[in-house]
Amino acid sequence: KPSACAMSRALGRCWPLARPYGVVDLPCALVWMCFLSLVYSAASARSFADRSPASLMHEVAEDNDMSWQQGWLSDWKVVVGSRTYNLHAFVLARSSQFFRGQTSAAWAGTASSDLSELLPHSCHAAFELALDFLYSIDRASFKVPLSQSIFLLKVAEILGIGRLSEIAVARIEEALPEAALQLYEQYIVVHIPGTDDGPFFRSVRDRIADGVAKSFGALIFGRETRLSMLCLPVDALLQILQSDNLRIPHEDDVLDFIFDLIKDLFRRVKAHRNASLAMQKDHEDRGDGCGGILCFCGEQAAHADRKRIASLLQSVRLASLSTHRLAQLAWLGQKLGIGNVVAAACKALGAACEPMPRPRRTFLPPGVRPPMSNELDFCLHYGDGSGHRRHDWLSSQPQSIGDLVIRLVVFPAGHQASDEGSMAVFVDAVLRPPLPPDWCFTNIAFSVACLNWAAAHRGDQQTSGKRARMWIREKTATTDFSRESHRIGWYNFFRKSDIGDCVAADGFLCLRMTIDPRCLGRMFLASDQVGGGSIRDYGG
């Protein structure tokens with residue numbers, strides 16, 4: 001039937017036409033109105049029959065402000081936890097395979113669905129977002145909140161809402177790898193240990209874990225993100241640490257992170273053990289026979305913790321560790337009674353690991369030449385510079401060039417003698433016992449430069465001309481390295497305001513120190529000076 005407003009409008013338009021036919025008073029006008037309504041209804045019925053259900057649903061929702069919150073003309077009840085929703089079977093069934101089966105003839109007598117056990121408890125709140133999508137008129141403009149994307153994807157997968165799954169996956173792909181940690185934390189909340197998520201959800205998880213691996217270096221050097229990483233379950237971390245795409249300046253940083261993780265695990269184990277001992281003593285005092293069970297459970301938990309620690313340590317690529325970290329790893333494995341870790345560390349200390357593990361994802365961008373035997377790279381996390389304090393310093397891994405062992409020492413926020421806001425960079429000769437007291441490497445020329453990340457990602461080569469140089473901010477020096485003068489560099493290598501393209505999008509800065517090839521002949525001492533020959537690497 002036409003609405004009252006439509007009827008009044010029709011009467012207003014037709015009144016001038018009706019007056020010539022004698023319709024001049026109110027009773028005649030009402031009769032005329034009835035005639036017009038019959039004509040109008042017949043025309044509407046013909047147009048109604050010719051239109052699709054989708055267009056009709058669009059008009060009903062638009063004219064009546066149809067939504068799942070109001071429950072107007074609802075014919076299907078859905079229970080999710082403590083909430084009950086009065087919904088519309090047609091809206092649910094047209095987009096959801098699950099509800100299409102529920103509302104079929106076999107289920108027509110129930111007129112309700114209980115999703116409390118079907119949906120994970122962590123996804124109950126996201127069901128309302130799924131309802132927003134189901135009742136949405138313009139689904140192309142539907143936005144998935146990043147904080148609910150994994151939960152919403154799980155709801156869409158369980159209920160068979162294909163279009164919503166596509167939108168959620170597109171939102172996840174758009175947020176990677178910057179928001180990989182946030183998405184991985186959501187997945188851990190959704191995932192039930194010991195259950196299979198299915199091939200589709202596993203593929204999404206693998207893409208998110210790969211994004212965390214590619215951002216691993218930036219994550220562990222940030223204060224808040226490092227704490228978040230340490231709170232991840234060990235099984236989730238193992239998938240990241242064992243990845244070949246793990247992006248990290250040096251393998252020693254992986255081991256340092258695992259050491260912090262083990263310390264945190266020990267603190268939790270100690271707290272749990274103290275609580276268990278207190279409960280065991282209480283049960284023994286009462287004589288109920290539960291003390292021995294608690295003791296056995298504590299031993300089983302300790303054994304499981306030892307297995308998890310061994311798995312973490314075995315994820316480290318030993319061939320890429322410095323000798324100092326290998327010695328630490330062997331000592332820790334011996335203390336914890338993990339024999340295979342000790343054997344692997346000792347083998348790596350004596351010789352190269354066999355078989356050689358696959359190398360990690362290269363930290364430098366594609367197209368950047370790796371360092372040669374007379375070069376040393378040092379990648380550090382600089383960010384925006386606010387995370388470093390004045391006088392704090394960072395050191396690269398030592399590098400042996402001939403008999404001289406050198407490293408780069410960087411003060412990101414400046415040395416005490418630097419100008420405010422300047423970075424200090426020094427080349428340091430590592431003091432090692434076999435060298436004689438009067439050791440000296442004379443007239444050594446070297447240079448230090450920063451990687452131009454913007455040019456590196458564009459693939460520019462180190463040429464002069466229109467294209468940008470790959471290495472910029474280069475500074476050179478010539479010095480004698482000796483016991484009295486073993487460190488030389490620049491207190492004001494560059495200012496924070498001039499850093500420009502030296503810092504990558506994820507906050508890393510890469511320095512390369514190069515010894516002039518013409519000086520390589522002066523990098524060796526006579527065998528009698530060093531007590532029986534040159535030394536490979538003393539680890540600093």
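Two strands are taken to pair if DSSP finds at least two bridges between them. Strands here are DSSP runs of E with at least two residues, helices are runs of H or I with at least four, and both are numbered from the N terminus. The model is a predicted one, so local features need pLDDT of at least 70 and side-chain atom pairs count only at pLDDT 80 or more, while totals for chains, interfaces and linings use all residues. Residues are numbered from 1 along each chain as its sequence is written, and side-chain values use heavy atoms, with hydrogens and water left out.

Let us start with strand β7. This strand pairs with β8 (residues 422–429) in the antiparallel sense, over six bridges; R407 has D428 of β8 as its bridge partner. Strand β6 (residues 399–401) is also antiparallel to β7, with three bridges between them, and S400 finds its bridge partner in V405 of β7. Look at the turn of this β6–β7 hairpin: two residues separate the strands, and G402 has a positive phi of about 70°. Strand β5 (residues 394–395) runs antiparallel to β7 as well, joined by two bridges, with L394 partnered by V410.

How much of β7 is buried? Buried means under 20% relative accessible area, exposed over 50%, and partly exposed in between, with a 1.4 Å probe and protein chains only. Eight of the eight residues of β7 (residues 404–411) are buried, so the strand is largely enclosed by the rest of the structure. Both faces are covered: L404, I406, L408 and V410 are buried on one side, and V405, R407, V409 and F411 on the other.

Now turn to an open sheet of four strands, with antiparallel pairing in the order β4-β12-β9-β10. Its edge strands, each pairing on one side only, are β4 (375–381) and β10 (471–482). From one strand to the next the twist averages 20°. Within this sheet, β9 (residues 440–451) and β12 (residues 508–515) are joined in the antiparallel sense over five bridges, and A449 has R512 of β12 as its bridge partner.

Two packed helices are described by the angle between their axes and the distance between the axes. The axes used here are lines fitted to C-alpha atoms, for helices over the stretch in contact, and angles run from 0 to 180 degrees between N-to-C directions. Angles under 35 degrees count as roughly parallel, over 145 as roughly antiparallel, 65 to 115 as roughly perpendicular and the rest as oblique.

Take helix α7 (residues 149–159) and helix α10 (residues 198–214): their axes come within 11 Å and cross at roughly 165°. The two helices are therefore roughly antiparallel to each other. On the α7 side, I150, L153, K154 and E157 make the contact (heavy atoms within 4.5 Å), and on the α10 side F200, F201, V204 and I208 do. These residues divide into six nonpolar, no polar and two charged, where Ala, Val, Leu, Ile, Met, Phe, Trp, Tyr, Cys and Pro count as nonpolar, Asp, Glu, Lys and Arg as charged, and the others, Gly among them, as polar.

Helix α8 also meets α10, with axes that come within 11 Å and cross at roughly 15°. That angle makes α8 roughly parallel to α10. Here V169, I172 and E173 of α8 touch F200, V204, R207 and I208 of α10; by class, the contact has five nonpolar, no polar and two charged residues.

Back in α7, nine of the 11 residues are buried, leaving the helix mostly covered. Its buried residues pack against α5 (97–102), α6 (126–134), α8, α9 and α10. Just after α7 comes G160, with a positive phi of about 70°. In helix α9 (residues 180–190), the buried residues are A180, L181, L183, Y184, Q186, Y187 and V190. Their cover includes α7, α8 (162–175), α10, α11 (216–221), α12 (223–230) and α13 (234–241).

Finally, pick out F99, which lies in helix α5. Is this residue buried or exposed? With 0% relative accessibility, F99 counts as buried. Beyond its neighbours within four places in sequence, F99 is in contact with W76, V78, L92, A93, S113, L115 and L159. F99 and L159 are 60 residues apart in sequence, yet their C-alpha atoms are 7.3 Å apart in space. L159 is itself among the buried residues of α7.
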